[in-house]
Amino acid sequence: MTRRAPRLRGVWGAIMKKPRTAVRSCHQKQASGHEGREKQVLSSSQVKPSTPDVRAGTMPKFPEAPAGLARRQKEVVLRDPVSPYHLFRDTAEVTVFRENLLSWYDREKRDLPWRRRAEGEVDPDRRAYAVWVSEVMLQQTQVATVIDYYTRWMQKWPTLQDLASASLEEVNQLWAGLGYYSRGRRLQEGAQKVVEELGGHVPHTAETLQKLLPGVGRYTAGAIASIAFGQATGVVDGNVVRVLCRVRAIGADSGSTFVSQQLWSLAQQLVDPARPGDFNQAAMELGATVCTPQHPRCSQCPVQSMCRAHQRVEREQLVASQSLPGSPDVEECAPSTGQCQLCAPPTEPWDQTLGVANFPRKASRRPPREECSATCVLEQPRALGGARILLVQRPKSGLLAGLWEFPSVTAEPSGQCQREALLRELQSWAGPLPATHLQHLGQVAHTFSHIKLTYQVYGLALEGQIPVTITPPGARWLTREEFHTAAVSTAMKKVFRVYEGQRPGTCKGSKRSQVSAPSTQRKPSPGQQVLDSFFRPHHPTDVSSLNSMAQ
Ligand code: SF4
């Protein structure tokens, strides 16, 4: 209940204050702001007896307030740190917003495979699964990239039961290149939980989805509940943050807890109870295609007439052209007072060049920490069946858990001792190796969510001189074709490109032909064939079997 208190204050505030006058300033309303901060911490027990449950749909969106509660709410509103300028005034304004957005969505929505699948699916669990997969894939990843992954995923595992019986290795393999690999793992864990513990049925509400399924947070739970099950629950993702911050001119740090709470409250207030899934998708679609981060197309926006960011731009332009006599008949907050917690702080003045992109504002993030790794592509160019490269499996937890990579060691940025450490690592997997053949080829930088990792790339081609001993568990020799379809990260593919571009006789512009050159064209000498037999501890014919052996 405590999380709902700010929303109720905002809703009631919107009803009671009804800001209609010209050039309003929120600092007057908040003259007692500091005093009000103490007051606004109305305990949940004070509110609870009369607090209806909007989310569960047991109350209309804008109820009449019981007299006692109204008095308390009014007291809170008067001291509320949020100006009604940042809220929606009344049901009429909310209704117009919904209607404009939904009719635009009905005309303009993109034809996407997960939408098609969810719309045509009558089985609620299959529908929820279709939405769930898409929502997890779309986190941190663009639609254009996800389409192909989603299509292949649904072909391979069309139902929750199919996914639940897959191996983690298969999941990682299909997820390879999509990034944030824990998402795929959690998705599969969720499928297993549904199948093994929930009778094969996906929970129907946002609350139970978030509570019961691993990896399902507030956003994903709301998206599944609204799109697949029709629950009237709002969602806030990056696109919705941008749209709401612009529509209501919210310039405070959108990553702060307070602003986040306000945005969730706004989303809950706005969601259309008759078409919650479509409404949420429409809000996200608007942010993705019209209200974009850098170049929003305001002239094509269905909610432009209600957009405070757009109004602010027009006003600033009028002021700048000095054609604005006196006070304009528009509403505004009072950002310079520093008292409104949804306005930009006074230290961050309006930037004329940004226009509506002054919203939203994010506090500057800490740069990712820098780390360095030395890694080596160890190759048997003349192995029977084609050249093979050594990959080892990462630990089951942590960054890139369970994925395959070239043998690597953490290195100092100075590079001291990395060569020796890397050689020891290689020998722990492949036995004695000729140190003089280890060549430094270049470096590759790859940024993960919070780490910028620079790989010092080495190469070592065995040239058929050193027989490889038995390959220990957790290591595999793969052909190039197998490498490209295995569960390896994008960073490792970058490393391999450096290796292919640098090894003797390789032309950078012909990597593909080098990779795909059929091994049968090579004709090793009889002596070489004998030597090659030492190089072949395991030669499974497909990566799946390699992977299952590794489990
Ligand atoms: S009018 Fe412009 S800034 Fe406002 S919501 Fe539409 S696209 Fe975004």
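Helices here are DSSP runs of H or I of at least four residues, and strands are E runs of at least two, numbered from the N terminus.

## Basis of the model

This is a predicted model, in which local features need pLDDT of at least 70 and side-chain atom pairs count only at pLDDT 80 or more, while totals for chains, interfaces and linings use all residues. Residues are numbered from 1 along each chain as its sequence is written, and side-chain values use heavy atoms, with hydrogens and water left out.

## Strand 1 and its partners

Strand 1 (residues 369-380) has nine of its twelve residues buried, so the rest of the structure largely encloses it. Strands pair if DSSP finds at least two bridges between them. Strand 1 runs parallel to strand 6 (residues 451-461), joined by eleven bridges; Leu378 has Leu460 as its bridge partner there.

Strand 4 (residues 408-410) runs antiparallel to strand 1, with three bridges, and its Ser408 stands opposite Thr375. Two bridges link strand 1 with strand 2 (residues 388-393), also in the antiparallel sense, and Gln380 is the bridge partner of Arg388.

## The chain as a whole

The protein chain contains 24 helices and seven strands. Of its 551 residues, 52% count as buried.

Technical notes
Buried means under 20% relative accessible area, exposed over 50%, partly exposed in between (1.4 Å probe, protein chains only).
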